[in-house]
Amino acid sequence: MGGYGDVRMIDDNGMRMDGRGPGDLREIFIETGVVPVADGSCRMIWGTNEAIVSIYGPMEAHPRKIQRQDSAVLAVEYNMAPFSTTDRMRPGFNRRSKEISKVTKDALESVVLLELYPRSKIQVNIEIISAEAGTRCVGLTAASVALADAGIPMTDLVVSVASGKINDIVVCDLNKEEDNYGEADLPMGILPNTGELVFLQMDGDLSQEEFKQAWDYNMNAASKVHEIMKKALTGGDGE
Amino acid sequence: MSVPLVPKLLRAHLRELANDNKRLDDRGQWDSRNLEIEHSVLPRAEGSAKVRIGDTIVYAGVKFQIMTPYEDRPNQGGLMCSAEVRPLAGRKYEPGPPSAESIELGRVVDRGIRESGCIDVDSLCIIPGEKAWQVILDLFAVSDDGNLFDAFAIAGIVALKQAIIPGERFGVGEDSKLEVNGTPLMCSYHKVGGRFVYDATFREELGGDERIHITLGDNGNVHSLQKGLKGIFTTSEFEEIMGHALDRTKEIREIINTL
């Protein structure tokens with residue numbers, strides 16, 4: 001968090017700089033089947049964020065030492081393309097990408113029925129081609145849509161959204177400026193059918209009341225995003 | 001990753017098809033797949049393009065940085081071109097540092113654009129000896145169904161032609177258009193079943209031999225050549241593909257100039 005509380009990002013009527021109210025989401029668009037050579041894929045536009053996810057597998061896991069006798073292994077690669085940010089992102093090893101890959105994998109492993117595919121591998125590739133704020137949420141949400149597009153059995157989709165705090169007011173789905181200058185960020189990965197969680201992070205400073213509000217915003221947003229995901233998967237226009 | 005038996009069977013099949021002058025997807029020897037070009041598709045890039053050839057999809061994005069000019073060339077900026085083929089684009093690609101193949105890809109496309117002189121590096125100088133623009137062209141594969149080279153070359157030049165130098169953001173004057181004088185284009189040929197074909201698919205590449213890449217400028221001048229993979233070819237084979245490349249680059253250039 002930048003922690004620059006003096007940048008004014010919300011007016012007296014509770015309207016944010018991009019015209020949204022505190023609980024509103026940015027615009028979301030989802031389409032599937034965008035990587036023709038993959039077994040499943042998804043493109044998700046969320047504000048100025050854009051992610052492309054491809055799924056390969058279940059396929060033979062090799063080398064054999066990574067195989068598990070009782071389940072499939074899930075490999076997740078999260079990466080930001082060099083042209084996805086204002087200043088060019090240098091390709092190569094990156095601690096942030098490694099961490100996001102890991103927590104995304106932990107979240108998806110919780111819903112994919114891996115035990116159906118012993119000794120095999122499912123490869124999930126998340127590429128951010130345009131970044132605004134909340135790319136880990138877009139990546140995880142898009143990955144669950146792509147897995148569904150690949151026909152891989154899961155207990156539920158995963159909707160990931162973040163809420164945070166700007167100018168001491170709790171708001172949903174931070175944009176770039178709000179993320180840079182805001183005071184807190186709470187991304188969650190929610191199973192929309194049960195309200196259970198598979199992913200949780202937080203940084204910043206929230207009182208118990210603010211935390212509760214941010215949690216509720218995320219839960220509400222999750223059911224809205226879920227509708228868009230279902231439409232994209234069942235042949236609706238995804239908007 | 002690759003199972004050697006499959007290419008062996010595939011090679012035999014491709015050889016049979018070639019004997020009947022056929023291809024896997026019923027194209028003629030010199031036919032290309034459907035080509036789609038879009039520009040200004042990446043909101044964070046200063047210039048961008050998306051190219052689709054059949055089921056091959058790539059993006060190109062242009063970014064700018066300020067560099068210190070090289071000591072022996074104090075009045076020149078720079079051009080850098082890098083290609084990444086990440087696991088997103090196909091099951092054969094593994095995570096990790098760039099493979100020799102994707103380094104070759106980036107360098108061959110780079111040479112075609114650089115040697116054509118379409119980017120005037122002198123115009124990129126801001127303060128001689130101190131500050132100059134570095135143009136960075138990043139090529140990114142989304143879906144590899146063969147012939148990434150041509151897709152990257154087309155996407156690369158279209159993205160450069162759209163690029164705006166972000167002078168204001170870097171505090172060195174106003175935003176301005178990047179000067180691009182010319183449209184160098186690449187045509188790639190793959191030896192499949194004993195004869196060269198244009199615009200090979202992934203399966204043709206898998207069961208094929210050597211490949212040849214030719215980059216030609218507006219006036220038909222040759223700017224880069226590359227022979228890749230194991231294989232032998234004759235002068236007359238090369239003359240034939242050069243003849244096709246001259247015609248095909250003209251066609252693609254016309255499409256680009258009407259964008």
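Select residues 100-115 of chain B, which form helix α2 of that chain. This is a predicted model. Helix α2(B) has 16 residues. From its first C-alpha to its last it reaches 22 Å, close to the 22 Å expected at 1.5 Å a residue.

Now colour the buried residues of this helix. Which residues of α2(B) are buried? They are B:Ser102, B:Leu105, B:Gly106, B:Val108, B:Val109, B:Asp110, B:Gly112 and B:Ile113. An α-helix has 3.6 residues a turn, so residues three or four places apart point the same way. Keep that in mind while looking along the axis.

Next, show what covers these residues. The cover includes the strands β4 (78-84), β6 (131-143), β9 (185-192), β11 (211-216) and β12 (222-228) of chain B, and also the helix α3 (148-162) of chain B. Then step just past the end of α2(B) to B:Gly117, where phi is positive, at about 70°.

Stay in chain B and select residues 235-257, helix α5. Helix α5(B) has 23 residues and reaches 32 Å from its first C-alpha to its last, close to the 33 Å expected at 1.5 Å a residue. Its buried residues are B:Ile241, B:Ala245, B:Arg248, B:Thr249 and B:Ile252. What do the buried residues of α5(B) pack against? Select α3, β9, β10 (195-198) and β11 of chain B to see their partners. Of these, α3, β9 and β11 are also among the elements that cover the buried residues of α2(B).

Now display both chains and look at where they touch. The contact takes 24 residues from chain B and 24 residues from chain A. On the chain B side, β3 (56-67) and β6 each supply at least two residues. Which element of chain B gives the most to this side? Strand β6(B) does, with five residues. By class, the side of chain B that touches chain A has ten nonpolar, five polar and nine charged residues.

Finally, move to chain A and select helix α2 (residues 135-149) together with helix α4 (residues 208-233). Their axes come within 11 Å and cross at roughly 30°. Because angles under 35 degrees count as roughly parallel, α2(A) and α4(A) are therefore roughly parallel to each other. The crossing of α2(A) past α4(A) is right-handed. To see the contact, show A:Thr141, A:Val145, A:Ala148 and A:Asp149 of α2(A), and A:Val225, A:Met229, A:Ala232 and A:Leu233 of α4(A). By class, this contact has six nonpolar residues, one polar and one charged.

Terms used. Residues are numbered from 1 along each chain as its sequence is written. Chains are lettered from A and ligands numbered from 1 in the order in which they are written. This is a predicted model: local features need pLDDT of at least 70, side-chain atom pairs count only at pLDDT 80 or more; totals for chains, interfaces and linings use all residues. Axes are lines fitted to C-alpha atoms, for helices over the stretch in contact, and angles run from 0 to 180 degrees between N-to-C directions. Helices (H or I, at least four residues) and strands (E, at least two) are DSSP runs, numbered from the N terminus. Angles under 35 degrees count as roughly parallel, over 145 as roughly antiparallel, 65 to 115 as roughly perpendicular and the rest as oblique. A crossing is left-handed if the near helix is turned anticlockwise from the far one by less than a right angle, and right-handed if clockwise. Two residues are in contact if their C-beta atoms, placed from the backbone, lie within 7 Å. Ala, Val, Leu, Ile, Met, Phe, Trp, Tyr, Cys and Pro count as nonpolar, Asp, Glu, Lys and Arg as charged, and the others, Gly among them, as polar. The expected span of a helix is 1.5 Å times one less than its number of residues. A residue is buried if 20 or more other C-beta atoms lie within 10 Å of its own, exposed if 12 or fewer, and partly exposed in between; C-beta atoms are placed from the backbone.
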